[in-house]
Amino acid sequence: MKPWQIESAIAELCKDIERVVERKDYTCMSEEDLTFELLICILGSGVRYELSLAYASAVQSALVPRRLKKRMNSNERAYSIEGILNSPAYSSINGKTYSRYRYPKRAAKHIAESFCNIEQKYGSLKDMVGAMNAPSDLRRELIYLCPGIGPKQSSHYVKNIGFTDNVAILDRHILNYLKLIDDVDICPKQVSKIDKYEEIERRFIDKVSKFNHAVSVVDQSMWFVMRALGKEAYT
C-alpha cells in the first residue's frame, strides 16, 4: 500500500475520532478517576487493554475504600493487590471474565510502590498532577516515582487525563509509520529512555502537522490504521 493511501485513511479516521472521542480534563477529575487511569497504565504494559481495564477496575474497587479507612504501607498494599490480580475479573468491554492477571506479583509490587511513592512526596495523585508545569515534567515524575512506568506508559497517562493533546504514544505501529515515511528503522528499545523518546516524538510531531489535527488524535488514528493494515502497509 502506498504511503499516500495510508495517510488518506489516517486523515479520514481523524475526523471520526474528533467527533466521537470525549476529551477529559484533569482539573475536573477526582483522585479516584486519576488513580484509575494510572492503574490502567501500570497494568497495560505487555497485556491487552481489555485485561488491564478489568483488573484496574477490580483493584480500584477493592483498595480505594480500604485505603481511606487505613493507611497501608507498600508491603501490605502489594499483598492485597496480588490477591486481586490472582483472582477472576470481569471486562465490561468484551464481556469476558479473566481467570487471573498475567504478571500478578510484579504488577502488585509496581502498583503498591508507585502509590506509596506518590503519597509520600505529594500526599495525593491529584496534588502531584496539579504541581506539574508541563507535560514533560509530569512524564518524568511518573517515570521517577512509578516502577514499571516508562515513557510510553507515562505518555498514555498524560494524554488520557487531558493534560495535553501534544503527545505521542510511540508503540510499534507508530514506529512502523515513521519507518515507512522516513525509511529509518527505530528499534522499540530506543524509546525506552525519555530523552530519546522525546527526540523521536518531536520528529513524529513534525511529520504529522500536515494532518491539521491534535497530535493525540493523529496518533490514535494512525495506531488503528497501521494495526489494521499489518504487513499490507509495506506491500
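I looked up the salt bridges and found that the structure holds 17, a salt bridge being a side-chain nitrogen of Lys or Arg within 4 Å of a carboxyl oxygen of Asp or Glu. I note that this is a predicted model, in which local features need pLDDT of at least 70, side-chain atom pairs count only at pLDDT 80 or more, and totals for chains, interfaces and linings use all residues. Residues are numbered from 1 along each chain as its sequence is written, and side-chain values use heavy atoms, with hydrogens and water left out.

I then checked glutamate 198, which forms a salt bridge with arginine 140, their closest N and O atoms being 3.0 Å apart. This pair links distant parts of the chain, with glutamate 198 in helix H10 (residues 194–208) and arginine 140 in helix H7 (residues 135–145), 58 residues apart; helices here are DSSP runs of H or I, at least four residues, numbered from the N terminus. At 11% relative accessibility glutamate 198 counts as buried, whereas arginine 140, at 33%, counts as partly exposed (buried is under 20% relative accessible area, exposed over 50%, partly exposed in between, with a 1.4 Å probe and protein chains only). Both residues belong to a salt-bridge network that links Arg139, Arg140, Asp195, Glu198 and Glu201.

Turning to serine 114 in helix H5 (residues 104–122), I found it buried, with a relative accessible area of 0%. A polar atom of the serine 114 side chain lies 2.6 Å from the backbone oxygen of histidine 110.

How values were computed. Helix = DSSP H or I, 4+ residues; strand = E, 2+ residues; numbered from the N terminus. Polar contact = N/O pair within 3.5 Å; in protein donor to acceptor, adjacent residues only side chain to side chain.
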